[in-house]
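Me: Please take a close look at the salt bridges in this model, and explain the terms as you go, since I am new to it.

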Amino acid sequence: MEVIMAGQPFLGRRGFLLGGAAVGAGAVLAGCTSNTPANSASNAPVADAGSNAQPGKPITIGFSAPAADHGWIAAITKNAKAQAQKFSEVKFTATEGTNDVNQQISQVETLINAKVDVLVILPFDGKALTAVGRQAMDAGIPVINLDRIFDTPLAYRTWIGGDNYRMGVNAGNYLAAELKKKNVANPIIGEVAGIDSLPLTQERSKGFADALGRVGFKVGPRVSAQFTSESGEQQTANLLQGAPKLDALWNHDDDQGIGVNAAIDTAGRKEFIMVGGAGSKNMMNLIKADSAPIKATVLYSPSMASTAVALARLLGQGKGIGDLAEHDVPAEITTYSAVVTKENVDQYLDVGFDS
């Protein structure tokens, strides 16, 4: 991707140049893309345009997301760019990712001032960016709110994201079924959660506990990590030290799962089965090899970014989704948390991401 500098960069991170004119004070634009493929995005999952495959009117899609500081977020940006490259009539204007809320707000405002046709926004903090989402909508720019939801539907035209509660339910259902097959009556089931203060973690844990509770099982030893490999390793080591025997374990996030697996290997523990979360390629390869405790992962796939860009194109061109009876793009789309196992892993490798 081309990075164009204009003036002094805002805190070294931000702002940009569009159409030869500076837009915003000292901004950095990280990407104006048309239909020229980029090598880094060539193997990213893309959505089939179906009956809408023929080029429509030229449009510009603006894109803003947090910094690509771990595998899932990196895949979000990669997938969005790859999808835009499928459409010859789409110009894709991506800002440089940031975890600074004020910087992301400034970036989105710059895209609004540039009069992009549609915005795709994955906010670092949905509540904090609600006002700028409303600003875009009030300016007549449809917003695709990606995953982390704004506080009001007035800030977006369409929301697309994953189902955190269903992730937990499907992880619990899988483990319960596997333990029943082994005739384990009172299993010890561990959980390596993400950041406990986040609603998404709370929803995942509730779904997990609810699913286990339906068959008379319950969550045993539980720790909370930080969605990082380092925290996953440390917290899993603590869990294993306090639980000399486990029958099953659910790790919420495959990025932190790198550390979870490292702690398991260090402890030499193999007596339990494990389920991951999100659907990284790393975990899918381990599942396929069937040589480690991990036997499944529950999807929360960054392929949703590909769909978000495809939806943005339809909105910008005034089209609906071809196979639906409704004339317009839906207001909300929730992706499904499929369970990837050794039996079906080959079907899902294309949406796996690198941790």
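Reply: A salt bridge here is a side-chain nitrogen of Lys or Arg within 4 Å of a carboxyl oxygen of Asp or Glu, and by this rule the count comes to 10 salt bridges. The model is predicted, so local features need pLDDT of at least 70 and side-chain atom pairs count only at pLDDT 80 or more, while totals for chains, interfaces and linings use all residues. Residues are numbered from 1 along each chain as its sequence is written, and side-chain values use heavy atoms, with hydrogens and water left out.

One of these salt bridges pairs Glu89 with Arg313, whose closest N and O atoms are 2.8 Å apart. Glu89 lies in the loop between helix H1 (71–84) and strand S6 (90–95), and Arg313 in helix H9 (residues 304–316), so the pair ties together parts that are 224 residues apart in sequence; helices (H or I, at least four residues) and strands (E, at least two) are DSSP runs, numbered from the N terminus. Glu89 counts as buried at 9% relative accessibility, and Arg313 is buried at 1%, where buried means under 20% relative accessible area, exposed over 50%, and partly exposed in between (1.4 Å probe, protein chains only).

Another salt bridge joins Lys288 and Asp346, with 2.8 Å between the closest N and O atoms. This pair links distant parts of the chain, 58 residues apart, with Lys288 in helix H8 (residues 281–289) and Asp346 in helix H10 (residues 345–348). Lys288 is partly exposed, with a relative accessible area of 41%, whereas Asp346 is exposed, at 53%.
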